[in-house]
Amino acid sequence: MQAGNGRGNGANNGNGNGKGRKFDFPKGTARAFLDSIDQQQLRTVLERAHFSDNSALALELENDPDLGIDTSNSTETQLIYACAGMAVPTDFVPAANVKAAARRRRAGAVAATAAPGESLNGANPADADPSVDRVWTLSSRPEATKKIWLDFRGGTISGTAWNDASRPSIVVPPYSTDADTASFTTTELSNIVAIWRGVAEDYSMFNVDVTTVDQIAAGTANQNYMRVSIGGSSSMLGMSAGGVAYVGVYGRSDTYYHPAFVFPNDLGNGHPKYVWEAVSHEVGHNMGLSHDGRNKADGTVEGYYTGTNGWAPIMGVGYYQPLSQWSKGEYQGANQKQDDLAIIAAKLSYAPAGNGNSLATAAPLAPTISAGTATASATGIVAQTAAADMFKLQANAGTLSFSVSVLTAWGTYGRSNLDAAVRVLDASGSEVASVQNTNGLAVTGTAALPSAGTYYVAVSGSGSGDPLTTGYSAYASLGQFSLRASYPDFMTTPSPSPSPSPSPSPSPSPSPAVSPSPSPSPKVADASGSGLAGAVVVGKWTTPVGGTTASFSGTTSSKNSARGQVTFSFKAPTAARGCTAQISNVTLSGYTMQSNLAGLTQTTTW
């Protein structure tokens with residue numbers, strides 16, 4: 001049995017005078033009901049839930065029995081989802097669904113030492129889940145003002161829209177997979193960490209902190225958080241559902257429509273894959289999203305689209321596919337065309353770019369050099385459609401090998417939202433190589449670098465196949481990644497190929513050739529004395545004889561060999577050998593102490 005195949009069965013309740021929650025509208029009845037209620041209140045409902053008019057909302061109420069309307073409060077009307085289609089049997093466990101890790105092209109991936117980069121709370125997405133010791137302090141973006149609070153510890157809910165005369169207080173038990181709700185087992189704590197990380201990935205592209213920290217105790221302003229209560233079963237509310245939530249209520253100055261509920265007892269006995277998908281789904285309703293269903297060929301409506309060929313929409317049911325993403329209804333028969341990303345971003349805003357998104361702002365890689373090979377790594381988050389995370393490197397001619405890993409799976413269940421693609425560009429932005437997956441979310445590949453110079457690695461999201469038939473677009477292929485790269489060190493001079501011996505000639509013997517002198521390695525002073533290994537150095541040299549001028553660039557290879565000094569090297573043309581050159585206009589890109597080097601002049605001879 002799978003969730004999402006039925007049409008659901010919401011719950012109706014009222015007080016006998018037309019006030020209360022109403023679900024299950026027979027065909028042709030919803031519009032008359034909507035016309036009978038306060039139209040000013042209804043206009044607010046339409047705006048929060050992104051319906052164009054009464055007719056559009058009436059159609060949705062008739063097609064989706066899990067969508068209801070709450071008129072209990074005389075001062076406002078509100079939409080509510082009781083997601084019966086998200087519930088699954090207690091003993092049902094989904095099949096493993098991790099897609100292939102990578103598609104290889106030529107050389108394999110290379111390991112490198114981790115470097116600072118853009119990540120959720122400093123965690124490399126390729127690493128294992130955090131320790132259960134941190135379970136109550138988990139935060140994906142602790143610096144973000146807006147919060148999604150995952151409350152696994154239970155408590156009493158009162159004074160909210162969920163309460164009425166029959167339920168003045170609702171006691172929610174803690175998350176549990178056994179009969180003991182007094183304490184957490186190690187397995188339960190591990191599940192909580194896994195659930196948090198799955199939800200954090202789903203919202204990684206937005207400027208919001210997914211956290212297990214109690215936001216009431218933290219004193220967070222009501223308009224800046226949404227609470228998700230994760231415990232017990234839907235029978236607490238007299239419903240039958242995997243989760244329930246009011247629509248478009250994130251950002252209110254009160255907590256009257258808090259919390260959203262997710263019921264582990266109705267989700268395969270708290271199976272983490274089900275729970276994190278349900279949490280992201282219910283919070284999506286809080287943001288203003290509706291269900292992603294499908295109009296079937298036989299004229300019926302599939303209330304929750306379960307996806308196909310490895311992909312599913314979060315606002316459908318993402319339990320059975322390795323890749324679940326936000327959607328805008330690009331699949332065949334989609335009955336919902338909401339732009340999920342735009343609607344959520346209007347509430348939360350997109351995440352700030354931690355890495356550059358252009359050649360000019362690309363983040364410089366900080367390589368480790370060994371035997372002429374540079375290895376480097378970085379982390380990032382692809383946060384917006386068609387916007388790549390850009391990384392800059394200096395390399396000699398040769399082979400660049402790279403691998404991009406996405407968020408690590410939980411056991412055999414994928415959690416990534418990102419299907420990664422990689423492009424390698426030269427200094428002008430022209431493409432040198434590209435790799436896009438067809439059977440996995442991660443990427444491994446190589447690029448042949450034709451000459452020494454500056455190159456860029458661009459990591460973005462990709463689609464797969466035709467969204468109308470067997471695939472999905474790059475629209476919401478967003479999320480965390482880890483990049484590893486290996487390439488020829490820019491400062492290592494390749495061994496020259498031997499020249500053939502000249503044939504004897506009757507002409508006079510030529511003058512002896514001048515032996516090549518090594519390229520200079522001047523030291524550039526920096527007043528701060530900060531470590532600068534891996535900085536990109538650019539400038540120009542000028543020979544006094546003839547006034548020849550040319551550009552140079554290099555990568556720093558040491559730091560603080562003498563306080564405030566950094567060593568770099570560059571290649572000099574044969575014509576300048578034996579001359580005294582003057583290096584000027586030196587800058588260090590990507591470092592705040594760049595101004596300390598303005599106007600620096602260094603003279604050297606080679």
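Between which domains does the largest cavity lie? Domain 1 (84-90 + 117-348) and domain 2 (363-488) both contribute residues to the lining of the largest cavity, so it lies between them; the domain bounds come from an automatic or database domain assignment. This is a predicted model, in which local features need pLDDT of at least 70, side-chain atom pairs count only at pLDDT 80 or more, and totals for chains, interfaces and linings use all residues. Residues are numbered from 1 along each chain as its sequence is written, and side-chain values use heavy atoms, with hydrogens and water left out.

**Cavities**

- Seven cavities of 30 Å³ or more are present; a cavity is a set of points, on a 1 Å grid over the protein atoms alone, where a 1.4 Å probe fits but cannot get out.
- The largest cavity holds about 90 Å³ of space, a volume being the space filled by probe spheres set on the points.
- It is lined by 13 residues, of which W311, S327, E330, Y472 and S473 are the closest to its centre; lining residues have an atom within 4 Å of a point.
- The lining comprises seven nonpolar, four polar and two charged residues, where Ala, Val, Leu, Ile, Met, Phe, Trp, Tyr, Cys and Pro count as nonpolar, Asp, Glu, Lys and Arg as charged, and the others, Gly among them, as polar.

- Nine of the 10 residues of strand β26 (residues 479-488) are buried, so the strand is largely enclosed by the rest of the structure; buried means under 20% relative accessible area (1.4 Å probe, protein chains only), and strands are DSSP runs (E, at least two residues) numbered from the N terminus.
- Strand β19 (residues 373-382) pairs with β26 in the antiparallel sense over 10 bridges, and V382 has G479 as its bridge partner in β26; two strands pair if DSSP finds at least two bridges between them.
- Strand β21 (residues 398-406) is joined to β26 by six bridges and runs antiparallel to it, with S486 in β26 as the bridge partner of S401.

**Aromatic pairs**

- The count comes to 20 aromatic pairs, taking rings of Phe, Tyr and Trp (its six-membered ring) whose centres lie within 6.5 Å.
- W162 and F261 form an edge-to-face pair, at 5.2 Å centre to centre and 85 degrees between the planes; planes over 60 degrees apart count as edge-to-face.
- W162 lies in the loop between β7 (155-158) and β8 (169-172) and F261 in strand β12 (residues 260-262), so the pair ties together parts that are 99 residues apart in sequence.
- W162 is buried at 2% relative accessibility, and F261 is buried at 0%.

How values were computed: On a 1 Å grid over the protein atoms alone, a cavity is a set of points where a 1.4 Å probe fits but cannot get out, and a pocket is an open set with protein on both sides within 12 Å along at least five of seven lines; lining residues have an atom within 4 Å of a point. Buried means under 20% relative accessible area, exposed over 50%, partly exposed in between (1.4 Å probe, protein chains only). Helices (H or I, at least four residues) and strands (E, at least two) are DSSP runs, numbered from the N terminus. Rings of Phe, Tyr and Trp (its six-membered ring) pair if their centres lie within 6.5 Å; planes under 30 degrees apart count as stacked, over 60 as edge-to-face and the rest as tilted.
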